[in-house]
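Walk me through this protein model. Start with its pockets, then go to the rings, the charges over rings and a few single residues.

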Amino acid sequence: MENFEDLGFSKVDYDREKRQGFPEVIYGEGKAVEHIEAIMGKLIERHGKVLVTRVAKEKAEILLKRFPEAVYDNTSRILLYGKPVLNFGGEVMVLAAGTSDLFVAEEAAITAEWMGCRVKRVYDVGVAGIDRLLAYRDEITKASVLIVVAGMEGALPSVIGGLVQRPVIAVPTSVGYGVHLEGITPLLAMMSSCASGMSVVNIDNGFGAAYQATMILKLATEGVHHETSVS
């Protein structure tokens, strides 16, 4: 059996789960609805689950008629089918600086849940109202991995990074005024942060942040054992 199936317009990668731990995820933006439908059908047949990101509501309504057991989330524009087979230990905390950042934060949260993570959401805790963030300080320090979503000047991940001894995954968003440059300003600010243990994904890439967070918890759950020989 081949590792992929050639549909002409797409080569469906059935081996992705074996290589990377999770089935192929469909990026819905720019794809014709009939193409998404065909790929979804193949992945469901092979894996029993599928996740489609960046799906317009109009496309989702058509796909839900074909796959009535699927679920669509308007905020993140994610269409998902099936549930995780494995549930990983620990907790992913998704923090969003402002309500305008929720389309990215929910993409991260829903993706992580679909992949098998327990997720806690803490929203609208940006640095402009620092007391809102500090009210959750104890909970923040107990999370296993933190995904921190922010637009404007992108300061929130650096603040979080200074409070915890856990991996912090920063996500810049395209939310902000003029010199924000559609996400370039927070992206550069996050990449220039002096907070240790912080990594940065692409602008609006909640999916990428969730995947990275899940891989961390997956590795921690599996456990890594090294044999050391003593001479």
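For the classes used below, Ala, Val, Leu, Ile, Met, Phe, Trp, Tyr, Cys and Pro count as nonpolar, Asp, Glu, Lys and Arg as charged, and the others, Gly among them, as polar. The model is predicted: local features need pLDDT of at least 70, side-chain atom pairs count only at pLDDT 80 or more, and totals for chains, interfaces and linings use all residues. Residues are numbered from 1 along each chain as its sequence is written, and side-chain values use heavy atoms, with hydrogens and water left out.

Pockets come first. A pocket is an open set of points on a 1 Å grid over the protein atoms alone, where a 1.4 Å probe fits, with protein on both sides within 12 Å along at least five of seven lines; lining residues have an atom within 4 Å of a point. Grid points are joined across faces, edges and corners, and a volume is the space filled by probe spheres set on the points. The largest pocket has a volume of about 200 Å³. Its lining has 16 residues, and Ala 97, Gly 98, Gly 151, Met 152 and Glu 153 lie nearest the centre. By class, that lining divides into eight nonpolar, five polar and three charged residues.

The second largest pocket has a volume of about 160 Å³. Its lining includes Val 25, Tyr 27, Arg 54, Glu 107, Asp 204 and Phe 207. Here the classes are five nonpolar, two polar and four charged.

Now the rings. A pair of aromatic rings is described by the distance of the centres and the angle of the planes. Rings of Phe, Tyr and Trp (its six-membered ring) pair if their centres lie within 6.5 Å; planes under 30 degrees apart count as stacked, over 60 as edge-to-face and the rest as tilted. The structure holds three aromatic pairs. One of them is Phe 22 with Phe 88, edge-to-face at 6.4 Å centre to centre and 85° between the planes. Phe 22 lies in the loop between helix 1 (16-20) and strand 3 (26-27), and Phe 88 in the loop between strand 6 (78-81) and strand 7 (92-96), so the pair ties together parts that are 66 residues apart in sequence. Helices (H or I, at least four residues) and strands (E, at least two) are DSSP runs, numbered from the N terminus. Both Phe 22 and Phe 88 are buried. Buried means under 20% relative accessible area, exposed over 50%, and partly exposed in between (1.4 Å probe, protein chains only).

Why is the pair of Phe 207 and Tyr 211 edge-to-face? The ring centres are 5.9 Å apart and the planes stand at 70°. Both residues lie in helix 9 (residues 206-222), four residues apart, about one turn of the helix. Phe 207 counts as partly exposed because its relative accessibility is 21%. Tyr 211, at 18%, counts as buried. Phe 22, Phe 88, Phe 207 and Tyr 211 form one aromatic cluster.

Charges over rings come next. The criterion is NZ of Lys or CZ of Arg within 6 Å of the ring centre and within 35 degrees of the ring normal. The charged end of Arg 46 sits over the ring of Tyr 14, 3.9 Å from the ring centre. Lys 49 lies over the face of Trp 114, at 5.2 Å from the ring centre.

Two single residues close the walk. Leu 86, in the loop between strand 6 and strand 7, counts as exposed at 53% relative accessibility. Val 50, in strand 4 (residues 50-53), counts as buried at 1%.
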